[in-house]
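Here is a short report for a first look at this structure.

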Amino acid sequence: MTSDRAGHFYIDGDWHAPVAPAPAIPVIDPATETRIGRVAAGSAADIDRAVAAATRAFPAFAISPVADRIALLGRIAALLEERAEDFARAIATEMGAAIGFARASQVPFAIAHVRAQMEVLADYAFERQEAGFTLCKEAIGVCALITPWNWPLYQITAKVAPAIAAGCPVVLKPSELSPYSALLFAQVMHDAGTPPGVFNLVGGTGEVVGAALAAHPDIAMISLTGSTRAGVLVAQGAAVSVKRVVQELGGKSPNILLPDADFAQAVPRGVMAGMRNVGQSCSAPTRMLVPADRLAEVEALAAAAAAEWRVGPPGDEATTMGPIANAAQHARVQAMIAAGQAEGARLVAGGPGRPAGLDRGFYVRPTVFSGVTRDMRIAREEIFGPVLCIMPYADEDEAVSIANDTVYGLGAHVQSGDPVRAKAIARRIRSGQVHINYPAWTAHAPFGGYKQSGNGREYGVHGFEEYLETKAILA
């Protein structure tokens, strides 16, 4: 299916060739560095076509019965579950996620977003009486959704599901670097019976398609997950038409291990959390903050945990860590490892180059640095790879100071045997989420950033409400 549709966009309920021919974008297999296909590159004319379709669909869809939207989301979820293996294999191929991780996390977590929005919609009061006025919540309008390559299906459903629940038609621009899961998702939307114009997909680059979406006057809201640089550009483009902008951007999340934590459990789990998805998660806890007098103990535990990763081809059932998703990011990770060495950080595990026996593909050695100070590049810049920084602290105040000493504020972790103490520390950290003792993930907890990690929230009712306008009727 993906090869059949790779040269087309999904607009107004059907597949269409680009308005004007343009050079196709190559799709590279990160495990082999070979081209495995091409996808169409969209233009501003394709965006105009998609936005026009969404605009036509908006009046009827915005007031469609809640029961109809819940039923549509249910059909979407059922089809995603039915085709879960197709999605897992597409994600393993297009961005190098280990097939086991794609099956266990990438796809199920994506489906959870759809189920969560069904639950939100079933109980949500779109109109309620307040003292002296009626409060109404209404669909904001046509929404543009820009999604990244690192969690390709997960980020699509995190945006599409709440938009559909709210009654908003959408134009989706998936990453051109991991496009196949998006094409499969468009077919799911079609087969689920989504009304024409409610879901539209136009592929292409951020410089062309993303910029056209940001500037389009008929788009009421744009939701972007990507780098902070991309977020700035989108916000600048959107400012002209004063559209709502929701951004989930970069991160440099801390993981504070308090002295009373169970280090034998907390350190290996912290390494796993920082390196899962090959470290390509914006909220990955890549700064491990530990008591200075426990540094040697932590180093030994972290080195042993890093050695447990099985790096190899993503389709191999034994692999737990595949390659970095693309050439540019692989080069970035290698450059940051070199920077850590140059600035005097101590290598505890891994280092530059590929793992032994892997001479081709964008593979990286799971790497742990210790003795990292807050002024080093590896402590301040988002690496987006399996590189962990161990940073010593003298006391709780210094731990919190180091945790907050970043332009980012997306996620954080605290490990402690005392829940009251852990929550007290969590309240002092400037980030949109704080996880205590590695809790279970939920699609209902709001997710988003402080500072340069973005604005607005995703997931659950808080993400759903980003797609609504607020009206007060006084009578």
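## Ground rules

A crossing is left-handed if the near helix is turned anticlockwise from the far one by less than a right angle, and right-handed if clockwise. Helices (H or I, at least four residues) and strands (E, at least two) are DSSP runs, numbered from the N terminus.

This is a predicted model, in which local features need pLDDT of at least 70, side-chain atom pairs count only at pLDDT 80 or more, and totals for chains, interfaces and linings use all residues. Residues are numbered from 1 along each chain as its sequence is written, and side-chain values use heavy atoms, with hydrogens and water left out.

## Helices α4 and α5

The crossing of α4 and α5 is right-handed. Helix α4 covers residues 84-95 and helix α5 residues 99-123. Their axes come within 9 Å and cross at roughly 120°. Axes here are lines fitted to C-alpha atoms, for helices over the stretch in contact, and angles run from 0 to 180 degrees between N-to-C directions. α4 and α5 are therefore oblique to each other. The scale is this: angles under 35 degrees count as roughly parallel, over 145 as roughly antiparallel, 65 to 115 as roughly perpendicular and the rest as oblique.

Which residues meet here? On the α4 side they are Ala84, Glu85, Phe87, Ala88, Arg89, Ile91, Ala92 and Met95. On the α5 side they are Ile99, Ala102, Arg103, Gln106 and Val107. Contact means heavy atoms within 4.5 Å. By class, the contact of α4 with α5 has 9 nonpolar, 1 polar and 3 charged residues. Ala, Val, Leu, Ile, Met, Phe, Trp, Tyr, Cys and Pro count as nonpolar, Asp, Glu, Lys and Arg as charged, and the others, Gly among them, as polar.

## Helices α3 and α7

Helix α3 (residues 66-82) packs against helix α7 (residues 180-191) at an angle of about 135°, with the axes 9 Å apart. That makes α3 oblique to α7. The crossing of α3 and α7 is right-handed. From α3 come Ile76, Leu79 and Leu80. They meet Phe185, Val188, Met189 and Asp191 in α7. The contact of α3 with α7 has 6 nonpolar, no polar and 1 charged residues.

How many residues of α7 are buried? The count is 10 of its 12 residues, so α7 is mostly covered (buried means under 20% relative accessible area, exposed over 50%, partly exposed in between, with a 1.4 Å probe and protein chains only). Among the buried residues of α7 are Tyr180, Leu184, Phe185, Val188 and Met189. α7 reaches 17 Å from its first C-alpha to its last, close to the 16 Å expected at 1.5 Å a residue. That expected span is 1.5 Å times one less than the number of residues. Just after α7, Gly193 takes a positive phi of about 80°.

## Helices α10 and α11

Helix α10 (residues 263-275) and helix α11 (residues 295-307) pack at about 50°, their axes 9 Å apart. That makes α10 oblique to α11. The crossing of α10 and α11 is right-handed. α10 gives Phe263, Ala264, Val267, Pro268 and Val271 to the contact. α11 gives Glu297, Val298, Leu301, Ala302, Ala305 and Ala306. These residues divide into 10 nonpolar, no polar and 1 charged.

## Inside helix α8

Helix α8 spans residues 206-215, and its buried residues are Val209, Gly210, Ala212, Leu213 and Ala214. What covers them includes α2 (44-62), β7 (143-146), β8 (170-173), β10 (221-225) and α9.

## Two tyrosines with positive phi

Most residues other than glycine have a negative phi. Tyr438 has a positive phi of about 50° although it is not a glycine. Tyr438 sits in the loop between β18 (435-436) and β19 (454-455). Its relative accessible area is 13%, so Tyr438 is buried.

Tyr459 also has a positive phi, near 80°. Tyr459 lies in the loop between β19 and α16 (460-465). At a relative accessible area of 5%, Tyr459 is buried.

Is Val240 buried or exposed? At 75% relative accessibility, Val240 counts as exposed. Val240 is in the loop between α9 (228-239) and β11 (244-248). The C-alpha atoms of Val240 and Met376 are separated by 38 Å. Along the chain, Val240 and Met376 are 136 residues apart.

Thr470 is in strand β20 (residues 468-473). At 48% relative accessibility, Thr470 counts as partly exposed. Thr470 and Ala139 are 331 residues apart along the chain, yet their C-alpha atoms are separated by 9.0 Å. Not counting residues up to four places away in sequence, Thr470 touches Leu135, Cys136 and Lys137.
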